[in-house]
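Dear colleague,

Please find below the structure that I am handing over to you. My notes on what was found in it follow.

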Amino acid sequence: MNILLIGIQGCGKGTQAKLLEERFGWKHITTGNLLRENFENKTELGIIAKKFMDAGELVPDKYVFQIVEDALAKVDEGSILDGFPRNMEQLRFLEKNFTIDKVILLDLSDEKAIERVSSRRNCIDCKKDYNLLYHKPKVEGICDVCGGKIVQRDDDYEDAIKKRIEKFYKETSEVITYFNEEGKLIRVNADDPIDTIQANIIKALDV
Ligand code: AMP
């Protein structure tokens, strides 16, 4: 099964995708992480993309298509797309040779999203996620798993978050409308505990 998780920043797409990946073996494809990996590996694409990401802007489609094409080519059992497609051009690109079976919209208010995202932190080495509100590291600033330094993403500051949310409504709402008209859209409340959200997703997917 190929599913798409969609929702504003901070709605928990990444967390839910990881849980689904562990349970069903579907491959989690997240364009945000693929772009960040490219930057860490100092690829030309990653260096160009970083400027747009830091400004809270979408990375131009031609760069995103390159990484998505590679990732989709490796899909076998199923996949969970997270962060792609974000606009109608990306949707058209995807639908040329790929079928999305169901779309889960994780519903969250803007206020809650800003609060969650600005408290988000990651280990610089193993990338483990933390949140200063819900899931702090045992020792401040140090990763529980590998002892690496815990940092805030360059685009997780309030101004950049607001800009990304604005972009979401402007660009991605058309994608949501499209899937709704196709009868593939399922809304799930993203303000519930993680386990409840996961259970609701699984129930909605009927798997
Ligand atoms: P995310 O981790 O999904 O919040 O994405 C972080 C940033 O990566 C976004 O603000 C964009 O700059 C870039 N990005 C991620 N996915 C896409 C996409 N599908 N199209 C364009 N830019 C993207």
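Which element gives the largest share of the shell around the ligand? It is helix 2 (residues 31–40), with four residues. Helices (H or I, at least four residues) and strands (E, at least two) are DSSP runs, numbered from the N terminus.

Before you read further, please note that this is a predicted model, in which local features need pLDDT of at least 70 and side-chain atom pairs count only at pLDDT 80 or more, whereas totals for chains, interfaces and linings use all residues. Residues are numbered from 1 along each chain as its sequence is written, and side-chain values use heavy atoms, with hydrogens and water left out.

The confidence of the prediction

The pLDDT is the predictor's confidence in each residue, from 0 to 100. Its mean for the protein is 94, and 100% of the residues reach 70 or more. Among the elements, strand 4 has the highest mean pLDDT (98) and strand 6 (residues 129–131) the lowest (91).

The ligand

The ligand is surrounded by 16 residues (a heavy atom within 4 Å). The closest are Thr31, Glu57, Gly83, Arg86 and Gln90. Polar contacts are pairs of N or O atoms within 3.5 Å; within protein, one must be able to donate a hydrogen and the other to accept it, and residues adjacent in sequence count only if both atoms are side-chain atoms. A polar backbone atom of Val59 is 3.0 Å from a nitrogen atom of the ligand. From the side chains, a polar atom of Arg86 lies 2.9 Å from a ligand nitrogen, and an N or O atom of Gln90 is 2.8 Å from a ligand nitrogen. On its own the ligand has 480 Å² of accessible area (Shrake-Rupley method, 1.4 Å probe; for residues, only the protein chains shown count as cover), and the protein covers 96% of that area.

The sheet and its helices

Five strands form an open sheet in the order 2-3-1-4-8, with parallel pairing; two strands pair if DSSP finds at least two bridges between them. Strand 2 (27–30) and strand 8 (185–189) are at the edges with a single partner strand each, so one side of each has no neighbour in the sheet. From one strand to the next, the twist averages 25 degrees.

Strand 4 (residues 102–107) pairs with strand 1 over four bridges and with strand 8 over five bridges. Leu105 of strand 4 is the bridge partner of Ile6, and Leu105 also stands opposite Arg187 in strand 8. Leu106 has Val188 as its bridge partner in strand 8.

Helix 8 (residues 194–205) lies across strand 1, strand 4 and strand 8, and runs at about 150 degrees to strand 4. Such angles run from 0 to 180 degrees between N-to-C directions, and the axes are lines fitted to C-alpha atoms, for helices over the stretch in contact (heavy atoms within 4.5 Å).

Particular residues

Most residues other than glycine have a negative phi, and most peptide bonds are trans. A cis peptide bond, with omega about 0 degrees, joins Phe84 and Pro85; Pro85 is in the loop between strand 3 and helix 5 (88–96). Lys127, in the loop between strand 5 (120–123) and strand 6, has a positive phi near 75 degrees.

Asp61 is found in helix 4 (residues 61–73). Leaving aside neighbours within four places in sequence, Asp61 is in contact with Asn87, Glu89 and Gln90.

Yours sincerely
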